[in-house]
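Here are my notes on this one, roughly in the order I would look at things on screen. Have the model open while you read.

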Amino acid sequence: MRGTFLVLFVLAMSWPRLWAQDGKIHYSTPLNYQKQGERIIVSSKMYLSGGFKGLSIYLEGTKIPYKAIGKDTVQLQLPLIGDNVELTIKRRGKPDLVKVFTPLVPADWSYFQEGTIHIIVSSHQDIAWMNTPEYCRDERIHDIILPALDTMRLYDEYRFEMEQTLNLMELLDEYPEKKSVVLDAYNKGQFEWGATFNQPYEGIESSEQLIRQLYLGRKWIKDNIPGMDAHTAFNVDVPGRSFQFPQILNKGGVKNLVISRFREGFYDWKSPDGSSIFTYSPGNYGWPVIFYKYFDKEAPYGMKALHANLKDWHDYYKKRNIPPHYAVMISQDAAGPIYYREVVKEWNNIVSMSDIKLPGLRHSTADEFLGFVNVPEATFDEIYGERANIWMYIHGPGHYQAIKAKKKAAVSLPAAEMFSTISAMINDDFDNYPGDDFEKAWFKAIYPDHGWGGLNGGVTDSTFLAKLSQAHSEGTHLLQKALKNITKHIKTTKKNAYAVFNDLTWKRNAPVSISLPSTNKTYLVQDDLGKTIPSQKVTDDQGTRLVVAAEELSSVGYNVVYLSETRKKPVRTTKQGANFYENDYYRVVLGNGGITSLYDKKLGKEILNTSRYAGGDVISMHYNGNGAGEFNQMKKPDMRRFDKLSLKNSHWKIKSNGPVFTSFECDYELNEISIVQRITIFNTIKRIDFEYDIPEWDGRKERQWRFALPMNAMEAEVNYESPAGVVTVGEDDLDMEPGGWSWEGTYRQRPKYIHPREVLDFMSLNGVEFGITVSGTVSVMDWIDPVRDARNHPVFQGIMISTHKSCHGMGPYYTQEGRHTFHFSLTSHESGWENGYVFAKEFQHEPWATKLENANGSGKLDTRHSFLKVNSPFTALSTFKKSDYDNDVILRFIDMSGKDSQYTIDFPWKYKKWGKTNLVEESYKEVDTRGGETLNISIGKNAIETFKIDF
């Protein structure tokens with residue numbers, strides 16, 4: 001027999017009759033073992049019928065002693081560690097029973113025999129899932145974090161981690177005096193905090209919102225607790241990854257990403273620029289606690305169970321030359337600080353007693369464990385691409401108003417930072433730069449995580465909505481303040497002057513609304529050169545305003561326009577009737593449900609196939625999924641109570657008509673719900689808008705409404721904006737079965753087959769002959785006909801509203817009662833998403849008009865001015881802000897073209913020097929000290945680059 005043996009002693013009085021056949025061996029608790037020579041032996045109980053006369057017992061041919069302790073029970077010593085051996089029972093010298101005996105702890109640990117098993121104890125935290133945000137916050141602080149710190153004070157070997165920085169903020173907000181305790185635990189390697197602010201749905205964060213996860217994560221930790229850092233990010237619950245997140249983490253100084261609901265193992269997860277993040281998945285973060293329970297009994301039982309599991313990992317580790325370190329992740333929702341002190345002690349005592357090489361056991365943090373694994377000589381599987389989130393119904397369609405506010409904050413906050421920085425530069429004074437206000441607003445803009453709904457979810461969801469609405473409101477306030485400050489420096493002597501501001505990096509033509517000084521007068525609009533600009537007066541529920549077709553708006557700057565009273569009537573060059581319209585771009589026919597014919601005059605193509613749906617149709621379907629939860633494929637809507645606008649008779653009327661646009665309106669009832677459809681065709685730009693006003697959604701359950709545009713093409717490439725990039729479906733998707741587990745099974749659906757998708761600003765469908773690009777106020781879009789007899793041609797859909805239940809058993813329905821307004825905008829173009837990109841960004845970034853309160857003839861700014869010019873719109877400006885550490889300016893650009901490119905950035909100021917910094921402004925590499933007004937920069941394919949400039 002190989003190796004050393006452990007023996008278990010069991011008291012006779014505690015011995016229950018649990019067997020039903022001869023040779024049945026039983027171990028009772030507690031295990032009691034001792035070293036005997038080269039072996040560790042244990043007393044066991046064995047059932048033997050037929051009495052003990054002439055009985056002898058042999059273990060692999062060697063006779064072993066026994067003791068009769070009952071009518072049919074013997075006590076004997078057997079090995080706890082070893083391989084399978086033959087156990088023979090003889091009576092009067094003849095074999096009576098021969099069987100295989102398997103010791104509790106196997107002897108052959110192969111690749112892991114000198115390795116380490118790491119227990120990683122973390123507490124997975126939704127902001128609120130187990131209860132309200134306030135309840136969960138209190139529980140986190142008093143029932144989880146503080147007890148964990150107390151345990152660490154008593155036991156140096158204990159380790160614990162919270163997966164996000166928000167929880168640290170909450171602790172120090174209530175107990176600021178705990179900062180030194182937290183730092184001490186960190187310095188001892190006992191307490192780690194996740195590197196991101198929280199664990200969001202990555203796909204609905206704008207590029208900069210996702211980046212700010214690290215500003216309010218790792219960067220916040222370093223800034224507020226000097227000497228402390230965070231190198232591991234967690235997002236273990238959501239079965240979805242955006243394809244640029246690895247680059248964001250990499251360039252934010254993060255080393256590791258821990259996920260789950262993904263095939264167990266280690267990965268080098270790459271972004272399209274070639275950067276990557278070392279990624280670890282345990283399969284599912286909660287299962288070692290719920291199912292495997294390795295450490296719920298005495299150590300030998302855990303050794304046996306883990307040995308069986310590690311059989312599947314020998315070859316995986318050996319082939320990749322990974323050091324023999326294996327992790328058991330002990331994490332559950334709102335779990336407290338579990339400490340397996342006795343199990344660890346017993347396990348390692350067995351290791352020390354045994355002559356056989358066995359792996360040790362210890363408590364570790366994820367950062368610690370991954371540091372042992374990720375060594376230069378190891379190789380890891382490279383993977384790439386977007387893992388589309390299958391929980392996407394929970395946020396946008398389930399919480400439309402909240403995500404609509406989030407999308408608005410994604411525009412207003414960066415614009416406010418940009419123009420506040422510009423205002424400070426004009427004044428050459430950063431003392432009043434509202435940095436603290438911006439941090440608070442960004443906190444609110446990214447506050448909601450993945451835990452919508454839940455127990456008392458109505459409170460949670462209303463809190464999330466309030467935070468996002470406040471973020472946009474505060475961003476708008478800061479923006480307006482900055483714009484007013486800039487207008488004070490514009491040189492003009494005319495009255496009724498308005499500066500129209502553009503936050504995009506290219507010149508553009510765009511409609512802009514100006515509140516009228518008098519609602520009963522007609523106005524003429526002219527630019528600063530005296531050219532008349534098309535405009536028209538509009539009266540709606542926003543009041544009376546003038547919509548101006550601003551032309552050649554300066555990039556990251558403004559143009560001044562002037563209003564004057566006039567009696568002239570605007571000249572129209574369009575053709576129109578009760579149900580048709582024609583301008584320089586389109587011939588449009590309206591019918592039941594929307595547009596029944598849309599002919600692109602520039603392309604010479606009919607754009608829509610309206611055999612089933614009208615252009616702008618709204619589809620009502622039944623949906624009884626729960627938006628998010630333990631499923632491995634999204635629940636689809638079905639045809640119960642199916643309805644659509646095109647089944648109704650339409651009666652179109654002209655709502656507004658002028659040189660800028662013409663708007664048609666029609667009233668319907670869809671499944672007994674009133675809905676107003678407006679279709680607006682612009683004359684100065686190639687754009688058609690669709691607006692839907694539901695005056696009073698009654699909160700009916702299990703309904704889903706979708707906006708539809710049927711494309712006149714047999715097939716199309718599908719492209720959509722994801723954070724910091726554009727995904728091509730089937731090309732940029734993760735090309736593997738994700739694996740990992742849910743309660744309904746393994747995630748086997750390849751991401752390229754997942755639809756609909758989380759979308760930021762646009763989705764583009766591109767056929768052989770032309771493409772269409774759609775932007776809107778929703779965050780989930782589809783391209784596959786949803787009905788059971790689906791047509792083959794692409795059908796763009798924006799999922800408007802979905803009133804399903806929370807996946808929490810005691811959670812609410814997302815009924816969303818009240819008024820909702822949905823907005824979509826369409827353009828058609830030559831095939832290729834690049835041809836619709838500028839249009840989509842312009843729709844989301846409306847210009848702002850700010851009145852010049854006083855004519856300033858001595859101002860230092862011209863009546864049109866650009867503060868930044870970039871030679872390509874595909875160099876997306878993610879941020880233009882004051883540095884957090886000095887008065888330098890931070891510019892962050894993202895290459896959207898997918899090509900290595902050279903770009904020029906022009907300023908109206910001279911810089912002294914500039915260099916590159918990382919994504920959270922913690923490093924600096926000087927590039928140019930010659931000074932000048934133009935930066936010549938290189939940005940690689942899909943790269944995110946951050947520059948620090950000293951003006």
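**Notes on the predicted model**

1. Start with Glu921, which is buried at a relative accessible area of 5%. The residue sits in the loop between strand 55 (913-917) and strand 56 (925-928).

2. Although Arg261 is not a glycine, its phi is positive, at about 50 degrees. Look for it in the loop between strand 14 (256-259) and strand 15 (265-270). Its relative accessibility is 2%, so Arg261 counts as buried.

3. One more backbone point: the peptide bond from His755 to Pro756 is cis, with omega near 0 degrees. Pro756 is in the loop between strand 42 and strand 43.

4. Strand 43 also turns up in a sheet. Six strands form an open sheet in the order 33-32-38-47-46-43, with antiparallel pairing. Strand 33 (638-644) and strand 43 (757-758) are the edge strands; each has a single partner strand, so one side of each has no neighbour in the sheet. At the strand 33 end, strand 32 (residues 617-622) pairs with strand 33 in the antiparallel sense over three bridges. If you want a residue pair to check, Ser620 has Asp643 in strand 33 as its bridge partner.

5. Arg640 makes a salt bridge with Asp638, with the closest N and O atoms 3.0 Å apart. Arg640 is partly exposed, at a relative accessible area of 46%. Arg641 and Glu672 also meet through their side chains in a salt bridge, at 2.9 Å from N to O. Glu672 lies in the loop between strand 35 (661-670) and strand 36 (673-682), while Arg641 is in strand 33, so this pair ties together parts that are 31 residues apart in sequence. Arg641 is partly exposed, with a relative accessible area of 46%.

6. On salt bridges in general, the structure holds 61 of them. Through shared partners, Lys653, Glu665, Asp667, Arg678, Glu691, Asp693 and Arg819 are joined into one network. Elsewhere, Asp96 and Arg91 form a side-chain salt bridge of 3.1 Å, N to O. What about the cover on its two partners, buried or exposed? Asp96 is partly exposed, with a relative accessible area of 42%, whereas Arg91 is buried, at 15%.

7. How many disulfides are there? The count is zero. Cys136 is in no disulfide, and the nearest cysteine sulfur, that of Cys807, is 14 Å away. A disulfide needs the two sulfur atoms within 2.5 Å. Cys136 is buried at 3% relative accessibility, while Cys807 is partly exposed, with a relative accessible area of 27%.

8. Helix 14 (residues 834-844) is largely enclosed by the rest of the structure, because eight of its 11 residues are buried. Among the buried ones are Tyr837, Phe839 and Phe843, and the charged side chains of Lys841 and Glu842 are on that list as well.

9. Thr165 is in helix 2 (residues 165-174), and at 0% relative accessibility it counts as buried.

10. Last, the surface. Phe291, Tyr292 and Trp743 make a nonpolar surface patch of about 330 Å². Trp743 is in the loop between strand 41 (741-742) and strand 42 (745-746). At 53% relative accessibility, Trp743 counts as exposed.

Methods:
Residues are numbered from 1 along each chain as its sequence is written. This is a predicted model: local features need pLDDT of at least 70, side-chain atom pairs count only at pLDDT 80 or more; totals for chains, interfaces and linings use all residues. Side-chain values use heavy atoms; hydrogens and water are left out. Patches are made of residues with over 30% relative accessible area and no salt bridge: like charges are joined within 9 Å, nonpolar side chains (Val, Leu, Ile, Met, Phe, Trp, Tyr) within 5 Å. Accessible areas come from the Shrake-Rupley method with a 1.4 Å probe; for residues, only the protein chains shown count as cover. A salt bridge is a side-chain nitrogen of Lys or Arg within 4 Å of a carboxyl oxygen of Asp or Glu. Helices (H or I, at least four residues) and strands (E, at least two) are DSSP runs, numbered from the N terminus. Buried means under 20% relative accessible area, exposed over 50%, partly exposed in between (1.4 Å probe, protein chains only). Two strands pair if DSSP finds at least two bridges between them.
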